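Biologist: Could we go through this structure together? I would like to begin with the ligand.

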Amino acid sequence: MRGGSVAVVGGSIAGCAVARAAARGGAERVTVLERSPGHLEDRGVGLCVLLDRYDELVRAGHLDDGIRHHPVTARHWVARADDGDPRGRVLWVQPMAMHSYHWGVLWQGLRERTPDGVEFRPGTAVTAVGGAAGADGPAWVETAAGGREEYDLVVGADGHRSVVRTAVCPEARSEYAGYVAWRGSFDARLLDTLPGGAARWPEQEVITACYPGGQVVLYRIPGLTPGSTLVNWVFYAPAPEWLKRADEDSDPLGFQVGSLDTARHGELAELAERVLPPYWAGAVNLTPVERILLQPIHDLETPRRTAGRLLLAGDAATLVRPHTTSGAAKALQDASAFEDAWRAAGDWSDLLPGYDRERGEAGHALVDLSRRLGRAQVTGAPDWSAIDEPGMTEWWRRQLGTTGGFGGLALDRKPNPPSATGR
Ligand SMILES: Cc1cc2nc3c(=O)[nH]c(=O)nc-3n(C[C@H](O)[C@H](O)[C@H](O)COP(=O)(O)OP(=O)(O)OC[C@H]3O[C@@H](n4cnc5c(N)ncnc54)[C@H](O)[C@@H]3O)c2cc1C
C-alpha cells in the first residue's frame with residue numbers, strides 16, 4: 001500500500017519506530033505529536049534487550065550496532081549470606097546474553113533514524129481522537145492547542161495512560177500490581193569508593209539480589225556522554241506507607257527523577273542496608289537523590305489493538321511488568337509488524353486486522369508471563385535462604401511455562417521454549 005497520512009501520538013520508543021515504519025512503508029505524510037516540549041533523554045534510566053530479540057530487530061531494520069549499548073553475558077542471582085560475604089551467597093549463575101541501554105541513548109538513536117520527511121511536533125498534547133467506526137472513514141485528533149486534524153490513520157504510541165486507547169477500547173484498565181520499583185543510576189566510577197571497589201563486580205554481570213518481599217536488579221549501561229558508564233538499578237519493594245496513603249484509589253502515579261525528598265530517600269537507603277548483601281546496598285546508596293525515581297508497577301491487557309482507523313503500539317497496546325525485560329523490544333516489534341502489515345496490505349481494511357492478529361496474541365502471552373514472574377520474584381517469592389542452583393533452574397523453568405517469552409516472544413512467533421539461559 002502506498003500514500004496516505006499518518007499521525008503518531010507519542011514520540012518515544014514506539015512512536016519513533018512506528019513513524020519510521022510508516023515512512024519506509026510508503027506513507028505520504030507522517031506527523032509525530034509528542035506532548036513533552038523538551039529533551040526526553042534526561043528522564044530515562046536503563047533497559048535491556050535480549051540478544052535473540054536484538055538480532056531479529058536488526059534484521060528487520062529497527063535496531064543497529066550504531067546505537068551505543070553495553071554487553072551482558074550472565075545474570076547472577078544472590079541473597080544475603082550468613083557468612084557475611086559482601087556480595088552475598090550465589091544462588092544461580094544464569095547465562096543470559098543481552099544488550100543494556102540507556103533509555104535516552106536508545107531514544108536519541110531512534111529519533112535520529114527517523115526519516116527527514118517525518119514531521120515531529122514536540123509540545124503537542126493530544127486530548128482526544130476518533131473517527132468512523134469502520135476502516136473506510138478518516139480518523140481525527142484534537143490537541144490541547146485547539147483544533148481538529150484529519151489523517152488516514154492515527155497510531156496511539158502514547159504509553160501507559162494512552163488517550164488513543166480510550167477510543168480504541170474504553171473498557172481496558174491498567175491494574176496496579178501492589179508493589180513498586182525504585183529506579184536509579186549513578187556514575188560507575190563511584191563503585192571504586194566501595195570496599196573492594198569496582199573490581200568486585202565484573203562488567204558483564206547482571207546482579208539480581210533477592211530478599212523476602214522483593215529484589216534489586218543492577219547492571220551497567222552506557223552514559224549519555226560517549227565513553228561514560230553508569231550503574232542502573234531497579235529495586236522492587238512493597239509500596240511505602242506514604243504512597244499508599246497518598247493514593248487511596250490504589251492506582252498510584254509514582255514520581256520522576258528529581259522529586260524525591262531526603263526523608264523518603266532515607267527510607268530507601270535504610271531498606272537497602274537492611275535487606276541486601278552489603279556490597280549491593282552500598283551500590284544502591286551511591287545514587288544521588290536527584291537520580292532516583294519511583295514507579296508503581298502496573299500491567300494492562302487490551303481486547304483489541306485497532307478500531308476504525310485507529311491503531312495502538314507499544315505500552316499503549318499492552319503494558320507488561322518490567323520483570324520480562326521486554327518493554328522496548330515489544331514496542332520495536334510492534335513497529336516491525338506494522339511495517340510488514342503495511343507492505344502486505346492492499347488498503348486500510350487489510351492493514352488494521354493484519355496487525356491486530358499478528359501482535360494481539362504476543363501481547364496477551366507477555367502480560368501473563370510478567371504477572372507470573374512478578375508473583376514468583378516479589379509477592380510470592382520462595383525462601384531464598386533455602387534454595388540452591390538446581391532449585392533455581394527448576395523454579396525459573398516453572399515460571400516460563402511452555403511458551404517462554406523472557407525478553408519478548410520471537411518476532412516470527414515460532415515457539416520460544418524456555419531454557420536455563422532464559423532465551
Ligand atoms: C522520558 C521517558 C523515560 C523512560 N525511561 C525508561 C527507562 O529508563 N527504562 C525503561 O525500561 N523504560 C523507560 N521508559 C518507558 C519505555 O519507553 C516503555 O516502557 C517502552 O519502551 C515502550 O515505549 P512506548 O513508546 O510505547 O511508551 P512510552 O515510552 O511511555 O512513551 C509514550 C510517549 O507518549 C507521549 N504522550 C503520552 N500521552 C500523550 C498525549 N496525550 N499526546 C501526545 N503525546 C503523549 C509521552 O510523553 C511519551 O513520550 C521511559 C519512557 C519515557 C517517556
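Biologist: How far is an oxygen atom of the ligand from a polar backbone atom of isoleucine 13?

Modeller: The distance from that backbone atom of isoleucine 13 to the ligand oxygen is 3.2 Å. A polar contact here is a pair of N or O atoms within 3.5 Å; within protein, one must be able to donate a hydrogen and the other to accept it, and residues adjacent in sequence count only if both atoms are side-chain atoms. This is a predicted model, in which local features need pLDDT of at least 70 and side-chain atom pairs count only at pLDDT 80 or more, while totals for chains, interfaces and linings use all residues. Residues are numbered from 1 along each chain as its sequence is written, and side-chain values use heavy atoms, with hydrogens and water left out.

Biologist: What lies 2.6 Å from an oxygen atom of the ligand?

Modeller: A polar side-chain atom of serine 12 does. The protein buries 87% of the 920 Å² that the ligand exposes when taken alone (Shrake-Rupley method, 1.4 Å probe; for residues, only the protein chains shown count as cover).

Biologist: How many residues surround the ligand?

Modeller: There are 28, each with a heavy atom within 4 Å of the ligand; Trp103 and Asp315 are among the closest. Helix α8 (327-344) gives the most to this shell, with 3 residues. Helices and strands are DSSP runs numbered from the N terminus (helices H or I, at least four residues; strands E, at least two).

Biologist: Turning to helix α2, which of its residues are buried?

Modeller: In α2 (residues 51-59), they are Arg53, Tyr54, Glu56 and Leu57. They lie on the same side of α2, because they cover an arc of only 165° around the axis, taken from the directions from the helix axis to the C-beta atoms. Buried means under 20% relative accessible area, exposed over 50%, and partly exposed in between (1.4 Å probe, protein chains only).

Biologist: What do they pack against?

Modeller: They pack against β3, β5 (89-102) and α8, where contact means heavy atoms within 4.5 Å.

Biologist: What is the relative accessible area of arginine 53?

Modeller: Arginine 53 has 3%. A polar atom of the arginine 53 side chain lies 3.1 Å from the backbone oxygen of glycine 408.

Biologist: And where is tryptophan 384 found?

Modeller: Tryptophan 384 is in the loop between α9 (348-379) and α10 (389-400), and is buried at 4% relative accessibility. The tryptophan 384 side chain reaches the backbone oxygen of tyrosine 211 at 3.5 Å.
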